[in-house]
Amino acid sequence: MQIKPRLYILITVALVSVSTSSIIVRFLPTVPAVVIAFWRMALASAVLWIYSLIKPQGRFPREHLLTVTMAGLFLGCHFACFFSAVKLTSIANATILGTVAPVFTVLIEALFLKRELFKQVLFGIFFALAGGLVIHSGGASLLENNTLGNTLALLGSFFIALVFILSEKIRRNTSTVVYCRTLYFSASCALFVFSFILGGPVFSFTQTDLSLFFVLAAIPTIMGHSVLSYAVRFISPSSVAAVPLGEPFLASFFAWILFAEQIHTLTYFGGILVFLGLYLTLAGSVRSQHHHKTV
């Protein structure tokens, strides 16, 4: 079984899309992290529900309601943890610790799901992680006194890993739109509760803020996370979780274009390692997925 070019293109689109998230959030410095996450999920869910009214997509399978509710809770926790980590620790620390989800998915697949992953997948994840470390070698310092921020970033990776693990089972007989509209709605409900508990001003924002919320919902969420949810149907959760490892390199590129931030020479070398690792991971993943259909 081989990955067809269309899936490579879609995964590339997803990677570029999710890489815009940290750039967009940079324009929302006064909005609490949990509030940003809430509107991102709520608006993405609303857009998909409206699309479903225009073009019916079917109903969500009842047998998966509990699972998707749990996945939505974990997705909400992921965004709450990651956006909070960005405010509590350096962006370099938050990004590198926030993208180690494939480590958790590999452990879950191997220890709990009893799956044998191909060495090519493991080598690919290793190269991608190594590339991420190289990219952040000048900015990340896990020895600094920012334990809470670092811990939240790591928790964010764990939660998104659980989302990918749970979504694999649901995606076997559920369309992407039906799954994502329900997932994002569940996540928005969880984030609304988090915002209420933390005292975040959910309905206090400017028109510019609202515009950026829509951009977050459209690009990194619908074009990014939704496409990754689509990919889970064809490749392993560990491989899908590895895709965002390319985000630090692309985010650095976008920051260079928009904010004239200099790109260190090591960033280019790290980027090569990351994308080599992602190619090995994706190519090797399909070999280990006997139950998946060809795209």
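Helices here are DSSP runs of H or I with at least four residues, and strands are runs of E with at least two.

**View 1. The fold of the predicted model is built from helices.** The chain contains 13 helices and zero strands. Read from the N terminus, the order is α-α-α-α-α-α-α-α-α-α-α-α-α.

View 2. Of its 295 residues, 57% count as buried. Take the contacts with a separation of 6 or more: 91% of them join residues 24 or more positions apart. The exposed surface comes to about 13,900 Å². Carbon and sulfur atoms supply 70% of that area.

View 3. Helix α10 covers residues 207-231. The helix should span 36 Å, because its 25 residues count at 1.5 Å a residue. The C-alpha atoms at its ends lie 34 Å apart, which agrees. Where does α10 kink? The kink is centred on threonine 221 and amounts to about 40°.

View 4. Average pLDDT for the chain is 82. A score of at least 70 is reached by 87% of the residues. Helix α3, residues 33-54, has the highest confidence, at a mean of 95. Helix α5, residues 91-97, has the lowest, at a mean of 70.

**View 5. Residues 290-295 have pLDDT below 50.** How many contacts does this stretch have in the model, beyond near neighbours in sequence? Residues 290-295 have 20 such contacts.

Terms used:
Residues numbered from 1 in each chain as written. Predicted model: local features only at pLDDT ≥ 70, side-chain atom pairs only at ≥ 80, totals over all residues. Heavy atoms only, no water. pLDDT = per-residue confidence, 0-100. Contact = heavy atoms within 4.5 Å. Buried < 20%, exposed > 50% of the residue type's maximum accessible area, 1.4 Å probe, protein only. Areas by Shrake-Rupley, 256 points an atom, 1.4 Å probe, with all protein chains shown as cover. Expected span 1.5 Å × (residues − 1). Bend = angle between axes of the 7 residues up to and from the residue.
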